[in-house]
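Have a look at the structure, then read on.

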Amino acid sequence: MNIIACVDKNFGIGYKNKLQFDIRLDKSYFKAMTINKTVIMGAKTYQSLKNVPLPNRNNIVLSTQLQECEDSLIVKSSLKQLLDYLNDNKITDVFVIGGQSVYQQLLSYCDTAYITKVDAVKKADKFMVDLDLHMDWQLIQSKQAFNEGYELSFCVYKRMK
């Protein structure tokens, strides 16, 4: 499993159920990485997408509140149900896309993290685990870019086994 997120300098990911950043280059990167893959998100992340599954992806929501409402959305109410579903269907190309609770629950099942770091600090009430401080993770690649007034680092972390 993989994690993908856009974070500020403090690994903040959101405030009041909204992403901190809406940067075109990061959105293109997210789309390129997740297209035709399985994405796992929490209910609040799904609601932030206006309750519309991401196109050209297998959308899974981990939630005890939501019900499956259309063919392009799968809802699992527990971590066990989710993992059983992935195993039973031999789904391996998976991206965890948020939010905070889902990142925390699935981090130990992930081996690669694609983190867009924005060289800025914004008010945040939701955070991703700071992989720079996490001894199990190592930064293996970083590419710099500048877009819409922001300095970006597209970072790839690997779990050390």
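Q: What makes something a pocket here?
A: On a 1 Å grid over the protein atoms alone, a pocket is an open set of points with protein on both sides within 12 Å along at least five of seven lines, and a lining residue has an atom within 4 Å of a point. The largest pocket has 41 such lining residues, and Leu19, Thr45, Ser48, Leu49 and Ile97 are the ones nearest its centre. Keep in mind that this is a predicted model, where local features need pLDDT of at least 70 and side-chain atom pairs pLDDT 80 or more, while totals for chains, interfaces and linings use all residues. Residues are numbered from 1 along each chain as its sequence is written, and side-chain values use heavy atoms, leaving out hydrogens and water.

Q: What is the volume of the largest pocket, and how does its lining divide up?
A: The volume comes to about 1,300 Å³, taken as the space filled by probe spheres set on the grid points, which are joined across faces, edges and corners. Its lining has 17 nonpolar, 15 polar and nine charged residues. Here Ala, Val, Leu, Ile, Met, Phe, Trp, Tyr, Cys and Pro count as nonpolar, Asp, Glu, Lys and Arg as charged, and the others, Gly among them, as polar.

Q: Why is leucine 62 called buried?
A: Buried means under 20% relative accessible area, exposed over 50%, and partly exposed in between (1.4 Å probe, protein chains only). Leucine 62 has 10% relative accessibility, so it counts as buried. It lies in strand E5, a strand being a DSSP run of E with at least two residues, and a helix one of H or I with at least four, numbered from the N terminus. Its contacts (heavy atoms within 4.5 Å) include Met41, Leu79 and Gln105, not counting residues up to four places away in sequence.

Q: Which label does asparagine 36 get, buried or exposed?
A: Its relative accessibility is 63%, so asparagine 36 counts as exposed. It sits in the loop between helix H1 (24-34) and strand E4 (38-42), and has a positive phi of about 60° although it isn't a glycine.

Q: Why does asparagine 51 count as partly exposed?
A: Because its relative accessibility is 39%, asparagine 51 gets the in-between label. Asparagine 51 also has a positive phi, about 55°, without being a glycine.

Q: What makes the pairing of lysine 117 and tyrosine 157 a polar contact?
A: A polar contact is a pair of N or O atoms within 3.5 Å; within protein, one must be able to donate a hydrogen and the other to accept it, and residues adjacent in sequence count only if both atoms are side-chain atoms. The side chains of lysine 117 and tyrosine 157 make such a contact at 2.8 Å.

Terms used. 1 Å grid on protein atoms, 1.4 Å probe; cavity = no way out; pocket = protein on both sides within 12 Å on 5 of 7 lines; lining within 4 Å.
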